[in-house]
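This report looks at how two chains meet and then at the form of one of them. Please consult the sequence and the structure while reading.

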Amino acid sequence: MSVNLLIARRHLMASKKQTLVAMLGVTFGIAMFILMISFMIGVNQFMERTMLSFTPDIHLYNDISTNYSHSIAGEYFKGQPVTVSVAHPKPRQVRLDLKNAAALLSRLRRDPLVAEISPVVTTLVFYNYGPVQINGSISGVNIDDESRMFDLKDKMVTGLPEALLTADKGILMGSGLAQKLNVQLGDLVSLAAPNGMLMRFRVVGIFRIGISAIDNVRSYVSLANGQQLLGKDKSYITDISIKLHDHARAAVAAKTLHNQFGYKADDWETANASVKTSNLVRDTLTYVVSVTLLIVAGFGIYNIMNMTINNKMKDIAILKAQGFAGRDIMQIFLSQAIFIGILGALSGMLLGFILAYALSSVPFPPNEYVALKYFPVAFEPAHYFFGLLFGSLTPLAAGLMPSLKAAKIDPVMILRG
Amino acid sequence: MTPALTAEKLNKYFHEPEEFRVLQDISFTINKGEFVPIIGKSGCGKSTLLYLLSTLDTDYSGTITINGERVTGLSQNELALFRNQHIGFVFQFHFLLPEFTALENVMLPALKLGRWSKAETEERALAQLQQLEMAPFARQLSSKLSGGQQQRIAIARALINEPMIIMADEPTGNLDSGNTRLVFDIFNQLAHEKGIAVLAVTHDLDFAKQADRVIEMKDGHIVSPGA
């Protein structure tokens, strides 16, 4: 070990309490950074997972168009010098389905980007059970396709998704909805479609996605039953859910599909912009708080280093007289700061991990909106690496000025008294 | 006689609180094996002179040559190395590093120099302490020793790198007469037996009188250049 490091070590050992206090500043800063970022990223991941559990990568559907600029009168008088003005036009009959759905589906199946597709018929309905009437929606699906895409099997409270295939007019109901209607497996529920059609379905399963906006309103029936309820033929499809091999390419792929087919294509990020925004807010908050903690720790180290150097003026002077150059003095004090930083960062990482681990085993207060058993915490090596990096850099920066000051001390001033 | 140190026309100004010429055209030579006290009244510039000669203070005009090498104009880093190799310091306040043992204090300049291995350095430091009858205290923290003991440790530390010249600023200023006597004898011995030049600023006339020659200063001039 070089003589400079020997002196640095002796200084640190001689004032253990001071060293410890300086180190703890860094330790807590880094521990809080790790804890906060683990928790925030855990929440982000949970939100994204939940979001993706009911949002397809791309949702293709026929948006109701409110473009009334074309009128028959306009067509009739075309080319003639007349101005046609139709006041308060009434929308003509709009089709909600995707035309040529079969061709569309087979075209999508051949697309190399696409992993899964699920054709859907959706409509608003009234659920009637005894005197209770609740509005909601149903999705008529090929349950195999839908189950593969959203992993429905894991979300069943009772029953199995496949029951839709075997049961005659079966329905899989959201847990919140089932609770409100007070229905159980095997009960018969009447569904009233907007066109007045009334059908009775038997509850063959209850699912819970963990988002009340879905669980309280949605049910699944088979595609054929859905079409039947709406009084439409077998080619009637209103939506197509698409899952890509790489969901990061959703935005681009959605645009292509829109241009190709003219239907509205929402990618998952657009559909869940609010989740993305709140992720950003959480990230920002994490970094602001962590940087503040580290800066406070840095000032602590700066103070302690300054104090140490003021106390060691004589030692510095004598070392200089004996042939220690300015850079030696700087090395002596800077290495103390670095030592404090690295040790503080390492113990901060450990403390941070322990706290994060403890938090991950705290039960999350049960509620009907989110399906969480424990606080969501992410354990990612990158966070610990950054913790170590920042934890070591902060004391280095904080120790730099005092060390420079020490290096510049004029020994004559001190030695003469 | 070979000169250990030569000073030529040294001038030094203090700029604060007001412009003041502390040293005025100081020139003299000290030979190897000479023990030379510098005496004079408080404020005559003797300490200032010593810090110029010791290369710690570089704000002066004139030329200083130590052991044949011109030190005036060297960079701070070069001067640090030069001090480490060629100059031993003894101060009024012993200035040992309190966190280190007596032995470690003696070893530090040699470890910095890096000429000997750590084991060798320790051996040499112990031998040095032995000569000054301080070996029994080698493993004690320096802050636990008495003033006389500390000063002897400081002398051992000054000698560890086998310097050509020892510079002392009031080395006996804080010591009783017994210890003063002892430090004087050590300096005398170093000069006469080992051929080291010893330059000591002091206001202790008894101490000075017994030396080979005395440089006396008054108002920034040398009034008795000695023998």
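## The contact between the chains

In this predicted model, the contact draws 20 residues from chain B and 18 residues from chain A. On the side of chain B that touches chain A, at least two residues each come from helix H1 (46-53), helix H2 (76-86), strand S6 (87-91) and helix H3 (102-113) of chain B. H2(B) contributes the most to that side, with six residues. By residue class, the side of chain B that touches chain A consists of 12 nonpolar, four polar and four charged residues.

## Overall form of chain A

Chain A holds 16 helices and 10 strands. Its radius of gyration is 34 Å, well over the 22 Å that the globule rule gives for 417 residues, so chain A is more spread out than a compact globule. Taken along the principal axes, the box filled by the C-alpha atoms of chain A is roughly 105 × 65 × 40 Å.

Of the 417 residues of chain A, 41% count as buried. Among the contacts in chain A with a separation of 6 or more, 79% are made by residues 24 or more positions apart.

## Helix H15 of chain A

Helix H15 of chain A (residues 381-407) has 27 residues, which at 1.5 Å a residue should span 39 Å, and the distance of 38 Å between its end C-alpha atoms agrees with this.

Terms used. Residues numbered from 1 in each chain as written. Chains lettered and ligands numbered in written order. Predicted model: local features only at pLDDT ≥ 70, side-chain atom pairs only at ≥ 80, totals over all residues. Contact = placed C-beta atoms within 7 Å. Helix = DSSP H or I, 4+ residues; strand = E, 2+ residues; numbered from the N terminus. Nonpolar A, V, L, I, M, F, W, Y, C, P; charged D, E, K, R; others polar. Expected span 1.5 Å × (residues − 1). Rg over C-alpha atoms; globule rule 2.2 N^0.38 Å. Buried ≥ 20, exposed ≤ 12 C-beta atoms within 10 Å, placed from the backbone.
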